[in-house]
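Please consult the sequence and the model shown here before reading the briefing.

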Amino acid sequence: MKYNTLNNNIKDKRDMKKSLMFMFMAASLVACNSTSNDKKATTTEETVVAVSVKTAVAQTQTIDLLETYTSEIMAYKENDITPAAQGLHIDRILVDVGDKVSAGQTIVTLDQTMLKQQELNLATAEDNYNRMVPVHAAGGISDQQLTQMKNTLDLQKEVVENLRKNSTIKSPISGVVTARNFENGDLFASMPILHIMQIDKLKVMANVSEQYFTSVKVGNKVAIEVDIYPGEQFEGQVSRINPALDARTRTFGVEITIPNKSLKLRPGMYARAIFNMGQREAIMVPDQAVQKQVGSSERFVYVIENGVADYRFVTDGRRVGNMIEIIDGLEAGDEVATTSFARLMSGTLVEVNNE
């Protein structure tokens, strides 16, 4: 009996020790969890770090009001070389495509056969008229008959004069031959024998919006750009303004003359004519501050105010160098981010670092 009582006491002590051990382990786990949670809370608080950004201030600047119009470069003058009379044989063509010619230079001679025949007819008509003058004075022929002979003589003189003028063709302008449609000995038809262009001076025709009708004046300078010479500008000058507007397009024609002594430019080149229509005030920011929203044509900036980024849509305008105009969405003095866009959103804490 005493033995059983002793065993029970020992068992109760063991159970008590186990219970105390479990309680201690539970308390330790709770303490560990509490400590772990405290550490997590501390870590979470420590991850809220301000994003370092560089910024620029929107500024009011005076910019040139530039308008660009596309067109094609044309020869300043061009001329089709065509005889006045049809059915003449070409004796010789003295120039070829690419040759330079001067005003007044002989470039084509025609067959002289018809001219010689008409000169013989003229000589006959003159002889007949001269013989009939004394006959008329003696009353041998009437006034009407003598007048008819005189008219025939005058007509024949015109025919010969016209053939003489066209038997040798001279260039009316200085330029370069750009087309040759016949060969020596061909019978002239309706197509021009040669085509000549003056290219030491060129012109561009631009259709300018009616709102600038009072801004464009004869003598105004116009910058010309062509794709074949990137980054290079050629100086043109307004030489003629169409006094009437096109009612359908609301534009007016402007002719721009371009000196071309170096012959770098050629007719047919695609060109951009850049007009300076005056100046105006504009709000400008660096172009890297203006970002394009993915999937749309919208533009936005991050405005930095009191250390916080604010996502804001803007309407952009003209680009001047590395600056871009903001038509709507910003005011002068607004500070905008120029870096770290991937880490920014509305409400992001920022630290400005412009050093």
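This briefing covers a helix pair and a set of aromatic contacts. The model is predicted. In it, the axes of helix H2 (residues 113–137) and H3 come within 9 Å, and 9 aromatic pairs are counted.

**Helices H2 and H3**

- The axes of H2 and H3 cross at roughly 155 degrees, which makes H2 roughly antiparallel to H3.
- H2 passes H3 in a left-handed crossing.
- The contact of H2 with H3 comprises 13 nonpolar, 6 polar and 6 charged residues.
- Gln156 is located in helix H3 (residues 143–167) and touches Gln118, Asn121 and Leu122, residues up to four places away in sequence not being counted.
- Gln156 has a relative accessible area of 13% and is therefore buried.

**Aromatic pairs**

- The count of aromatic pairs comes to 9; among them, Tyr69 and Phe275 form an edge-to-face pair, with 5.8 Å centre to centre and 80 degrees between the planes.
- Tyr69 belongs to strand E3 (residues 59–81) and Phe275 to strand E13 (residues 270–286), so this pair ties together parts that are 206 residues apart in sequence.
- Tyr69 is buried at a relative accessible area of 11%, and Phe275 is buried at 2%.
- Phe213 and Phe252 also form an edge-to-face pair, at 4.9 Å centre to centre and 80 degrees between the planes.
- Phe213 lies in the loop between strand E9 (194–209) and strand E10 (221–226), whereas Phe252 lies in strand E12 (residues 251–259), 39 residues apart.
- Phe213 is partly exposed, with a relative accessible area of 32%, whereas Phe252 is buried at 0%.

**Aromatic cluster**

- Phe300, Tyr302, Tyr311, Phe313 and Phe341 are linked by ring pairs into a cluster.

Terms used
Residues numbered from 1 in each chain as written. Predicted model: local features only at pLDDT ≥ 70, side-chain atom pairs only at ≥ 80, totals over all residues. Heavy atoms only, no water. Helix = DSSP H or I, 4+ residues; strand = E, 2+ residues; numbered from the N terminus. Buried < 20%, exposed > 50% of the residue type's maximum accessible area, 1.4 Å probe, protein only. Contact = heavy atoms within 4.5 Å. Axes fitted to C-alpha atoms, helices over the stretch in contact; angles between N-to-C directions. Parallel < 35°, antiparallel > 145°, perpendicular 65-115°, else oblique. Left-handed = near helix turned anticlockwise from the far one by under 90°. Nonpolar A, V, L, I, M, F, W, Y, C, P; charged D, E, K, R; others polar. Phe/Tyr/Trp six-rings, centres within 6.5 Å; stacked < 30°, edge-to-face > 60°.
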